Amino acid sequence: GPMVIAIENWRTGHIKDTFMQSTYAQNGLALAGFIDTPSICASSSESGLLSAANALDQNMGTRWSSNFYTPLGGNEIPPQWLEIDLKNPTAVNQLTIYWETAHAQSYSIQVSDDRMRWTTMYETTSSAGGTEVLSITPVTTRYIRVYMTERATPWGYSIYELDVN
């Protein structure tokens with residue numbers, strides 16, 4: 001029985017391809033350490049339910065939200081960021097940001113190979129929020145950071161999803 005499945009998989013790859021389409025299979029292999037899936041971290045999160053991981057979960061019903069206050073009691077929060085670790089050097093030429101209403105008016109997209117030296121690939125001071133598809137000069141990088149410096153609303157920053165292509 002198992003040999004027939006193994007032979008068919010060797011012949012066409014159909015068994016593996018079908019198996020890998022399952023999100024359960026992908027998640028299980030990632031948890032077991034067989035697949036390096038991107039991870040994400042943030043400068044802050046409003047709460048555990050609004051964590052950075054929500055911006056990479058491929059679920060538009062969840063979101064990441066930064067803190068919306070400054071610890072010093074001023075009007076502006078310090079710059080906030082979301083940082084994606086692609087785990088390996090990866091070719092990137094586009095980033096799509098799905099903003100919630102609380103979006104950044106001014107932000108930049110930065111890349112790095114070592115998390116110490118960052119190169120700005122895109123910058124704006126007049127974002128309208130919503131869905132932004134950002135084409136950047138093709139680059140091979142391990143880390144991508146959305147570095148937000150000015151709010152468009154009185155709240156913090158909030159992103160439903162980030163897609164890297």
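Modeller: Let us begin with contact, which here means heavy atoms within 4.5 Å. The model is a predicted one, in which local features need pLDDT of at least 70 and side-chain atom pairs count only at pLDDT 80 or more, whereas totals for chains, interfaces and linings use all residues. Residues are numbered from 1 along each chain as its sequence is written, and side-chain values use heavy atoms, with hydrogens and water left out.

Biologist: With which residues is Y107 in contact, leaving aside its neighbours within four places in sequence?

Modeller: On that condition, Y107 is in contact with I97, W99, Y122, E123, T124, S127, E132, L134, V146, Y147, M148 and T149.

Biologist: What makes a set of residues a nonpolar core, and which members of the largest one touch the most others?

Modeller: A nonpolar core is a set of buried Ala, Val, Leu, Ile, Met, Phe, Trp, Tyr and Cys residues joined through side-chain atoms within 4.5 Å, where buried means under 20% relative accessible area, exposed over 50% and partly exposed in between, with a 1.4 Å probe and protein chains only. The largest such core has 25 residues, and I97 and Y107 touch the most other members. At least two residues each are supplied by β3 (80-99), β4 (104-112), β6 (131-151) and β7 (158-164), and β3 gives the most, with seven residues. Strands such as these are DSSP runs (E, at least two residues), helices being runs of H or I with at least four, and both are numbered from the N terminus.

Biologist: How do you know whether D85 is buried or exposed, and what of R142?

Modeller: D85 has 13% relative accessibility and therefore counts as buried, while R142, at 26%, counts as partly exposed.

Biologist: How many salt bridges does a search of the whole structure find?

Modeller: The search finds four, among them the one between R11 and E8, at 3.1 Å from N to O. Both of these residues lie in helix α1 (residues 2-12), three residues apart, about one turn of the helix. R11 has a relative accessible area of 57% and is therefore exposed, whereas E8 counts as partly exposed at 26%.

Biologist: What is noted about the phi of K87, and where does K87 lie?

Modeller: K87 has a positive phi of about 75° although it is not a glycine, and its place is in strand β3. Its relative accessibility is 29%, so K87 counts as partly exposed. R115 also has a positive phi, of about 65°, and is not a glycine either; R115 is found in the loop between β4 and β5 (119-124).

Key:
A salt bridge is a side-chain nitrogen of Lys or Arg within 4 Å of a carboxyl oxygen of Asp or Glu.
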